[in-house]
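Work through the exercises below with the sequence and the structure at hand. Each task is followed by a solution in steps.

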Amino acid sequence: MTIFPFKAMRYTRIFFLTFFMLLAGSGAWAQNLTDLIIGEVLVENTAGLTDGYGQRTGWIELFNTSNGTVNFGGCYLSDDKSDLKKYHIPTSDRSTRLGPRQSVVFYASGNASQGTYYTNFTLRNGSTLYLVSNDGRTVIDQVEIPSDLPADCSVVRVPFGVKEMDFETNVSRRPTPGSYNGDVDAKTKSQVMKEKDPHGWVLTLISILVVFTALIILAFIFGWIGNANKRLQSGQPKAPKAKKVKAGDITPEVAAAISMALSQEFGSEVYAAIALALDDYMGGGIHDQESLMITIKPTKGSTWADKAQNFRQLPR
Amino acid sequence: MNTILESLKQFWYFTGFANATWQNIAMILIGVLFITIAIKKGWEPLLLVPIGFGMIIGNIPMFPGLNIGVYEDGSVLNTLYQGVKQGWYPPLIFLGIGAMTDFSALISQPRLLLIGAAAQTGIFGAYLLALLLGFDPNQAGAIGIIGGADGPTAIFLSSKLAPDLMGAIAVSAYSYMALVPVIQRPIMLALTTKKERLIRMPAPRQVSQKEKIIFPVVGFLLTAFIVPSGLPLLGMLFFGNLLKESGVTRRLAETARGPLIDVVTTLIGLTVGASTQADKFLTGNSLKIFLLGLLSFVIATTVGVLFVKFWNLFLKGDRKINPLIGNAGVSAVPDSARVSEIVGREFDPDNHLLMHAMGPNVAGVIGSAVAAGILLGFLG
């Protein structure tokens with residue numbers, strides 16, 4: 001008889017352990033490498049960005065679409081589907097952490113010995129560029145470079161939509177290596193509101209409407225739950241009908257008011273005295289599940305002098 | 001001898017006396033005033049004592065570059081201040097508030113939620129007035145939230161919308177919360193008749209433990225789906241309440257409403273106080289913020305009371321609501337509910353409004369967090 005619960009417990013543990021491991025793994029994946037995209041690519045660079053060696057080469061911009069930091073060390077860049085591990089981004093470089101909505105530029109110089117940000121291949125029109133995960137197999141993103149891409153023009157992924165999490169691919173005559181590909185002059189929400197709603201009436205009306213809607217729905221739901229609860233309880237034996245309250249009666253409302261007024265004036269230690277007095281007045285044996293209320297439970301015999309009551313619960 | 005004199009001279013330059021300005025002295029005096037009010041009058045001592053002492057700390061005149069000031073990167077005060085600046089103290093306080101709040105009064109009379117919603121008008125009234133005074137919408141939103149009468153929410157929202165105004169907004173919010181009895185009572189008396197003040201409300205029904213457990217889950221899902229930007233505050237508030245009500249996480253609930261909230265309250269008060277350095281705090285804008293903060297409390301109380309009076313036009317018999325609980329819609333828990341009780345008993349010593357007022361009072365906490373989420377969504 002005892003084997004079954006033991007086994008069940010073991011299975012439960014295995015289930016939860018597996019669940020948490022999967023959760024942890026999926027979270028890491030979801031928040032990391034898949035958030036990277038190839039933001040911009042330029043093949044023939046005659047008048048633009050120069051690299052750290054003063055040379056003009058093609059370049060590849062990676063963009064972190066998420067609002068968290070992504071470490072792209074260990075990923076691969078390639079222009080060959082049959083060799084996805086063509087250029088391995090070093091894992092030993094601390095600078096491979098890309099901040100939220102930030103971008104980084106790789107120079108396609110063809111000479112990886114120049115540094116972390118120099119690929120061992122050069123770019124060519126008509127090819128496809130791959131960004132590959134650190135497993136060397138999973139393609140995170142790819143961009144097809146048009147065969148007729150003019151010199152000093154880039155293939156650029158421009159964010160659009162309310163969330164700016166969708167991207168459309170365009171050809172741009174004004175490359176923006178290392179900087180945001182969207183509208184850099186975009187106004188802040190506050191500026192937009194200042195233009196659209198200078199006196200604030202629209203925001204005020206919408207906000208009050210939303211606050212009321214949220215709380216009205218909550219009120220309806222709890223009104224309904226309360227009624228359902230009453231109906232459920234109606235099948236059970238009825239509680240004795242409450243007596244009509246007269247002036248000076250000690251009702252729960254009065255008790256709460258006295259307790260709060262006194263605690264404000266004298267401090268929390270008076271709770272005990274109030275509770276004892278009320279308990280005595282109301283016939284003893286008041287029990288409440290509230291954790292902030294004093295609970296007086298009638299017990300068999302006194303435990304006042306019990307040794308266990310006097311032990312410290314935690315070593316200090 | 002010259003060396004000694006030179007060294008003494010150099011030492012003098014490092015002292016507070018050499019670097020003091022009248023603004024520093026003024027802020028130190030305000031800090032002392034806060035501490036005095038807290039100790040003598042007992043108004044919000046848990047907040048005003050740390051804030052007052054923080055003001056004194058933040059305004060000790062000092063030689064810049066010693067890496068000790070609250071605005072100097074890497075200093076101890078700056079490190080503690082990150083909880084305010086990054087906005088992670090307020091949600092922790094909300095966790096504690098959730099773990100200490102009993103929503104029974106609200107669950108038993110869900111209609112009282114509407115009073116909590118009405119009182120949020122103070123936030124948006126102050127927003128409109130702040131725009132009139134020339135503040136940008138994001139600044140106006142941060143100032144408006146003072147009307148929510150909720151210090152952590154005010155700090156959270158101002159840290160996101162207008163960090164440069166946060167010190168003035170936080171001090172204003174906490175000051176007026178301490179003054180709730182002084183501000184609300186005359187408004188309540190002016191707007192109600194003697195007959196209305198004597199309205200007796202029926203005792204709220206008993207709430208089952210099951211309902212108390214369902215409340216934080218449903219409440220969170222609903223409010224967070226409507227206003228996801230309020231997630232940090234709403235999530236922590238309802239999570240804390242679930243810890244309290246679930247019955248199986250007593251230790252966690254006790255930590256959240258005990259040591260955790262005490263530690264965070266101490267740090268938030270001290271660092272908010274320290275952030276009121278004279279050069280950043282004593283500006284014309286701060287004066288405007290204090291004025292707008294006061295008006296937002298007045299609007300919130302007025303609308304809360306008037307809303308109940310208006311509602312009563314449609315209610316009959318013992319369904320009528322005593323308008324003296326209308327003020328409790330601002331979320332200064334439990335001070336505004338206490339004001340309802342005290343004012344109510346002035347006119348009928350046996351009419352206890354406290355339990356009824358706690359309904360709109362905790363609804364105000366939810367309402368102000370929702371309002372903060374809306375403002376953050378629109379202006380953040």
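A residue is buried if 20 or more other C-beta atoms lie within 10 Å of its own, and exposed if 12 or fewer do. The model used here is a predicted one.

**Exercise 1. Describe chain A as a whole.**

Step 1. By the cut-off for burial, 22% of the 316 residues of chain A count as buried.
Step 2. The secondary structure of chain A consists of six helices and eleven strands.
Step 3. Take the contacts in chain A between residues at least 6 apart in sequence: 52% of them join residues at least 24 apart.

**Exercise 2. Decide whether Pro150(A) is buried or exposed, and locate this residue in chain A.**

Step 1. Pro150(A) lies in the loop between β9 (139-144) and β10 (154-160) of chain A.
Step 2. Pro150(A) has 12 C-beta neighbours inside 10 Å and therefore counts as exposed.
Step 3. Along the chain, Pro150(A) and Val192(A) are 42 residues apart, and 37 Å separates their C-alpha atoms.

**Exercise 3. Find which elements of chain A give two or more residues to the side that touches chain B.**

Step 1. The contact joins 37 residues of chain A with 49 residues of chain B.
Step 2. On the chain A side, the elements giving two or more residues are α2 (189-196), α3 (201-234) and α4 (252-266).
Step 3. Of these, α3(A) gives the most, with 19 residues.
Step 4. By type, the residues on this side of chain A are 21 nonpolar, twelve polar and four charged.

**Exercise 4. Determine how α11(B) and α21(B) are oriented to each other.**

Step 1. Helix α11 (residues 151-161) and helix α21 (residues 354-379) of chain B pack at an angle of about 0 degrees, and their axes are 10 Å apart.
Step 2. Angles under 35 degrees count as roughly parallel, so α11(B) and α21(B) are roughly parallel to each other.
Step 3. Residues of α11(B) in the contact include Phe156(B) and Leu157(B), while those of α21(B) include Ala372(B) and Leu376(B).
Step 4. The residues of this contact are eight nonpolar, two polar and one charged.

**Exercise 5. Compare the reach of helix α16 of chain B with the expected span, and state how many of its residues are buried.**

Step 1. Helix α16 (residues 231-246) of chain B has 16 residues.
Step 2. From first C-alpha to last, α16(B) reaches 21 Å, close to the 22 Å expected at 1.5 Å a residue.
Step 3. α16(B) is mostly covered, with 13 of its 16 residues buried.
Step 4. After α16(B) comes Gly247(B), which has a positive phi near 85 degrees.

Note on methods: Residues are numbered from 1 along each chain as its sequence is written. Chains are lettered from A and ligands numbered from 1 in the order in which they are written. This is a predicted model: local features need pLDDT of at least 70, side-chain atom pairs count only at pLDDT 80 or more; totals for chains, interfaces and linings use all residues. Axes are lines fitted to C-alpha atoms, for helices over the stretch in contact, and angles run from 0 to 180 degrees between N-to-C directions. Helices (H or I, at least four residues) and strands (E, at least two) are DSSP runs, numbered from the N terminus. Angles under 35 degrees count as roughly parallel, over 145 as roughly antiparallel, 65 to 115 as roughly perpendicular and the rest as oblique. Two residues are in contact if their C-beta atoms, placed from the backbone, lie within 7 Å. Ala, Val, Leu, Ile, Met, Phe, Trp, Tyr, Cys and Pro count as nonpolar, Asp, Glu, Lys and Arg as charged, and the others, Gly among them, as polar. The expected span of a helix is 1.5 Å times one less than its number of residues.
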